[in-house]
Amino acid sequence: MTALTVTLALVASVALLLRWLRPAWYWMSFGVVIAVVRILARYASVMDACGLTVPPSRWRLALARMTGRPIPESRAPRILRLRPTRTGLVLRVKLRPGQDAFDFSAASDRLRHSFVMRNVTAREVRSGVVELRMTGYDVLKRVQMPAAARGGVMCVPVAMREDGEVYYRDYRQTPHALNVGATQSGKSVYQRNLVAALATLDVALVGIDCKQGVELAPLARRFTALADNPDAAADLLDALVEHMEGVYQLIRREQRLSADLPDAEITADIWDLPDHLRPTPIVLLVDEVAELALFATKEEEKRRDQIITSLVRLAQLGRAAGIYLEICGQRFGSELGKGITMLRAQLTGRTAHRVNDETSANMAFGDIAPDAVLATVQIRTDRPGTAVAGDSSGGWVRIRTPHLTLRRAVNIANSHAHRTPEIPALDAFRPVLPPLGKAAAPSTVTAPAIA
Ligand SMILES: Nc1ncnc2c1ncn2[C@@H]1O[C@H](COP(=O)(O)OP(=O)(O)OP(=O)(O)O)[C@@H](O)[C@H]1O
């Protein structure tokens, strides 16, 4: 008896310690079992308390009266599946007549604390079936991406969503994006995660980093072109626009060839071109965009207009030519001058890290997802890397990137340096690379000399 008590006390202490220090391990070992038992035991009463039951139908009532049986109780939606995941549980239920997915979304907060889960989100997966995704612990506290997180063609995993899913940046679905946030909010780490993920794909990375290249230059071995000051940026953008026009001519030529063949597909963008003709897709990363929009002299104003015009053209026409924009800055509003709101309208992917005021949050979401504005101003200062991500569909989600150090990002970029494609139109902007040193680095990876 004493041995059993000691064992139970030991197990309970281990569980408590794990819960405190390693919530993910706690969830996988103890939490998932406790949560499944709790949900199954409380299901009917919680659904009733949350107003998610329906009264018995008339014929069941009539049958009960006729046979003298007790009046049937209200019925909860039928459980179709309860599946444990790495971070929580997925509960699928079949709706009763008269219910809809919105009832469950509206009750998600009540469900969260009734089932003692960290977060609950609801969505309709098919007509009459709702999926409740629940997380068992705060998955954004210490972000660990699942090893199995794999993207696809121009689709890369960058962060963890608050519902425990991986957040992907899908360039073919949302070609251009804006990433805003106050200083020290985690924008550069977000961009670093993007570069590290994109480095593994057959894609050309082009960077504009007017902070003298401090963010992107260390990753230069994986960059096809880099500009670290506004003059170089203006020329690089001109060259990109010229490259884009060349790709359009190629698409046009292919269209003419296929137009006379009745069964041939008509090429609409680079993804319709045959593999051997398809130009390498390009992701243009712009760090601290305000540096490109500021001017003090007439000459600088001319350069600024030239830069913004090129960015607007790339944002308007780049998608079909396989050119995708990723623009990052502390603020991105009309105070940056003419053309900015026009450019912003083309950047339909939005990510907002912590901001200092509601106006900045409005710059990210005011025009596409007003609900996300409040979520953005509520981001805590002690959680750098947390952001709200949304798109033009009006949906949004809280995300947090893994804390990828510059050292690790450089190692990843270097180990994929052989994938860096050459694009003739951008030859003049190829980064000048220092010779590889014998700096301390993992055996398979060579570190650049960071000046
Ligand atoms: N996902 C994360 N997890 C933990 N710490 C993070 C995360 N993202 C950023 N940080 C930390 O927050 C700090 C600021 O990050 P970062 O440099 O990315 O911010 P920033 O918005 O680019 O700032 P600035 O505009 O001043 O360059 C850094 O110390 C970084 O290590």
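Analyst: A helix contact and its surroundings

In helix α7, the residues Pro230, Asp231, Ala233, Ala234, Leu237, Asp238, Leu240, Val241 and Met244 meet a set in helix α9 made up of Arg303, Gln306, Ile307, Ser310, Leu311, Arg313, Leu314 and Leu317, where contact requires C-beta atoms, placed from the backbone, to lie within 7 Å. The model is predicted, and local features need pLDDT of at least 70, side-chain atom pairs count only at pLDDT 80 or more, while totals for chains, interfaces and linings use all residues. Residues are numbered from 1 along each chain as its sequence is written.

Sorted by class, this contact of α7 with α9 holds eleven nonpolar, two polar and four charged residues; Ala, Val, Leu, Ile, Met, Phe, Trp, Tyr, Cys and Pro count as nonpolar, Asp, Glu, Lys and Arg as charged, and the others, Gly among them, as polar. Helix α7 covers residues 230-259 and α9 covers residues 298-317, and their axes come within 9 Å and cross at roughly 35 degrees. Helices (H or I, at least four residues) and strands (E, at least two) are DSSP runs numbered from the N terminus, and axes are lines fitted to C-alpha atoms, for helices over the stretch in contact, with angles from 0 to 180 degrees between N-to-C directions. The crossing of α7 and α9 is left-handed, meaning that the near helix is turned anticlockwise from the far one by less than a right angle, whereas clockwise would be right-handed.

Helix α7 also lies across β8, β9, β10 and β11, and runs at about 135 degrees to β9. The open sheet here is built from ten strands in the order β6-β5-β14-β13-β12-β7-β11-β10-β8-β9, with mixed pairing; two strands pair if DSSP finds at least two bridges between them. Because β6 (166-170) and β9 (223-227) are the edge strands and have a single partner each, one side of each is left without a neighbour in the sheet. On average, and ignoring direction, neighbouring strands of this sheet are turned by 25 degrees against each other. Another helix, α6, packs on the sheet, with β5 (155-161), β7 and β12 among the strands that it touches, and its direction makes about 140 degrees with that of β5.

Within the sheet, β7 (residues 177-180) and β12 (residues 349-353) are joined in the parallel sense by four bridges, and Leu178 stands opposite Arg350 in β12.

Finally, for the wider setting, the domain assignment, which is automatic or from a database, gives domain 1 (22-135) and domain 2 (155-429), and their C-alpha centres lie 41 Å apart.

How values were computed. Contact = placed C-beta atoms within 7 Å.
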